[in-house]
Amino acid sequence: MFVVLDVLVVLEAPVAMIGLFWITKESVYVGAEPEGYGRGVRLTPEGLQAVGTGQEGFWSWADVREVTVHDVQVRSSTRWLVNNVMDTVLDMATGGGEAPPAFELHVRTDEEKAELTVYTAAVGGYVQSEYELSVALLNRFVDGTADVARLLEWGSVEGDGVTPWRAAREALLTSWASA
């Protein structure tokens with residue numbers, strides 16, 4: 001008896017995951033980039049765009065009063081590593097195939113509150129420190145003291161579709177949130 005495991009994952013476009021952000025050469029998403037029937041949120045220098053099946057809308061940064069993140073799976077770095085290895089082994093053994101976990105991004109303006117679904121990009125959840133830095137950066141986008149264009153520039157110039165090591169991800173998030 002033998003078992004064949006199909007574990008090859010091919011991404012059509014190079015992508016880097018930094019905190020809650022999925023960064024390609026052309027786009028920045030919160031969570032994973034939606035494909036097929038997936039849902040997500042694209043960030044642009046002008047605002048947030050809901051994308052995917054069953055959700056749509058665009059909110060300019062000037063109109064957004066608050067963005068909050070709900071139900072994100074967050075873990076300490078040690079626990080994340082152990083669970084990430086275990087999740088990968090289990091997916092390989094069982095064939096994976098189920099939809100990734102989702103979380104919500106709530107966008108509030110003076111006129112409305114939208115509750116958007118975003119799929120998790122990080123297997124096993126996000127590291128606590130990166131989650132906190134990502135939320136701080138989202139808040140900076142809302143208050144106009146940070147610009148999504150910096151993430152887009154990094155993605156097109158330096159990203160190369162490679163997710164940096166944790167220390168480099170945290171340094172990038174810190175620089176984007178503090179400049």
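User: Before we start, what counts as buried here?
Analyst: Buried means under 20% relative accessible area. Keep in mind that this is a predicted model.

User: Fine. H106, then: buried or exposed?
Analyst: H106 has a relative accessibility of 7%, so this residue counts as buried.

User: Where does H106 sit?
Analyst: H106 belongs to strand β9, which covers residues 102-109.

User: And what does H106 touch, sequence neighbours aside?
Analyst: Setting aside residues within four places in sequence, H106 is in contact with E66, V67, T68, H70, K113, A114 and E115. With V67, 39 residues apart along the chain, the C-alpha separation is 5.5 Å.

User: Which side chain makes a polar contact with the side chain of H106?
Analyst: That of H70, at 3.2 Å.

User: Which residue stands opposite H70 in β9?
Analyst: E104 stands opposite H70.

User: How many bridges join β7 to β9?
Analyst: Six, and the two strands run antiparallel.

User: What's the strand order in that sheet?
Analyst: The order is β7-β9-β10, an open sheet of three strands with antiparallel pairing. Its edge strands are β7 (64-70) and β10 (113-119), each of which pairs on one side only. From one strand to the next, the twist averages 20 degrees.

User: Which helix lies across β7 and β9?
Analyst: Helix α2, residues 128-143. The helix runs at about 165 degrees to β7.

User: OK, packing. How many residues are in the largest nonpolar core?
Analyst: The largest nonpolar core has 45 residues. Those with the most contacts inside this core are F21, L43, L48 and F141.

User: Which element gives the most to this core?
Analyst: α2 does, with five residues.

User: Take F141. What is F141 in contact with?
Analyst: Leaving out neighbours within four places in sequence, F141 is in contact with F21, L43, W61, A146, D147, V148 and L151. F21 and L43 are also among the residues with the most contacts inside the core.

User: Change of topic: R169. Which helix is R169 in?
Analyst: R169 is in helix α4, residues 166-178.

User: Is R169 buried or exposed?
Analyst: R169 is buried, because its relative accessible area is 11% and the cut-off for buried is under 20%.

User: What does R169 touch?
Analyst: Not counting residues up to four places away in sequence, R169 touches M17, I18, E130, T163 and P164.

How values were computed:
Residues numbered from 1 in each chain as written. Predicted model: local features only at pLDDT ≥ 70, side-chain atom pairs only at ≥ 80, totals over all residues. Heavy atoms only, no water. Helix = DSSP H or I, 4+ residues; strand = E, 2+ residues; numbered from the N terminus. Buried < 20%, exposed > 50% of the residue type's maximum accessible area, 1.4 Å probe, protein only. Contact = heavy atoms within 4.5 Å. Pairing = 2+ DSSP bridges. Axes fitted to C-alpha atoms, helices over the stretch in contact; angles between N-to-C directions. Polar contact = N/O pair within 3.5 Å; in protein donor to acceptor, adjacent residues only side chain to side chain. Core = buried A, V, L, I, M, F, W, Y, C linked by side-chain atoms within 4.5 Å.
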